[in-house]
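Q: I would like a close look at a single part of this model, followed by a connected account of its surroundings.

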Amino acid sequence: MTEPLRVVLADDQTLVRTGFRMILGADGIDVVAEATDGLEAVEAVERTRPDVVLMDVRMPAMDGLEATRRILTGAAGEPRVIILTTFDLDRYVYAALSAGASGFLLKDVTPEQLTAAVRTAHTGDALLAPAITRRLVQRFTRRGGDTAALHRDLAALTPRELEVLGLLARGLSNSELAARLHLAESTVKTHVARILGKLGLRDRVQAVIVAYETGLVSVGEREAAE
């Protein structure tokens, strides 16, 4: 018998947590802990070792983005984190992706979309709300100067580095890349660092944008391995 997925809910609003717990429970997903701020979320994850964390952004004591960074340390067995917020702000999207979150959804998702997101994240896929994905790419493809600065010749990359960049652009974390490519996580970090260095990029978000702009991956593309 398949074990039910185990989820930690982090949100400072009791009604939100109650509603999410009822929705997930009705679909056979166990809520193993609830947290009212980022510090409690980090502690709950260390204590319960969930499969997925649903993380609000704006919370007292520690916000959800910092909590996500602390949870996703690259250690074995780290959970997937889905940022679930009312605030459709670009800076949250970029910060969440940089922190290694597996998804960014708005709280107006339907119960079916919420449970599907938890199951999708658990399988290792990344997900963004469709409107956010479109805007993420459109924003950078419209920006003349900045876009030109981000265009890079991918010929400088080795076949392995191209493979890493493509998977990174699809939202895989370092640990997921290591598992997918059968590499040590330290080796993955070396590949990512070399990609950023060769392309003159600041961070993983810029790498994702370059991957889309150069056509290495496209919006809505599914991995061939699926």
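Which residues line the largest cavity?

A: In this predicted model, the largest cavity is lined by L9, A10, D11, F20, L54, M55, D56, L84 and K107. Two strands stand out in that list: β1, spanning 6-10, and β3, spanning 52-55, each contribute at least two residues to the lining. Sorted by class, the lining comprises six nonpolar and three charged residues, with no polar ones. With a threshold of 30 Å³ or more, the count is one cavity.

Attention may now turn to the helical segments later in the chain. Helix α8 covers residues 159-169, and its buried positions are E161, V164, L165, G166, L167, L168 and A169. Just after α8, the backbone at G171 adopts a positive phi of about 100°.

Next comes a pair of helices, α9 (residues 174-181) and α10 (residues 185-199), whose axes come within 8 Å and cross at roughly 110°. An angle of 65 to 115 degrees counts as roughly perpendicular, and α9 and α10 are therefore roughly perpendicular to each other. On the α9 side the contact is formed by N174, S175, L177 and A178, while α10 supplies E185, V188, K189 and V192. By class, this contact between α9 and α10 involves four nonpolar, two polar and two charged residues.

Methods: Residues numbered from 1 in each chain as written. Predicted model: local features only at pLDDT ≥ 70, side-chain atom pairs only at ≥ 80, totals over all residues. Heavy atoms only, no water. Buried < 20%, exposed > 50% of the residue type's maximum accessible area, 1.4 Å probe, protein only. Helix = DSSP H or I, 4+ residues; strand = E, 2+ residues; numbered from the N terminus. 1 Å grid on protein atoms, 1.4 Å probe; cavity = no way out; pocket = protein on both sides within 12 Å on 5 of 7 lines; lining within 4 Å. Points joined across faces, edges and corners; volume = space filled by probe spheres on them. Nonpolar A, V, L, I, M, F, W, Y, C, P; charged D, E, K, R; others polar. Axes fitted to C-alpha atoms, helices over the stretch in contact; angles between N-to-C directions. Parallel < 35°, antiparallel > 145°, perpendicular 65-115°, else oblique. Contact = heavy atoms within 4.5 Å.
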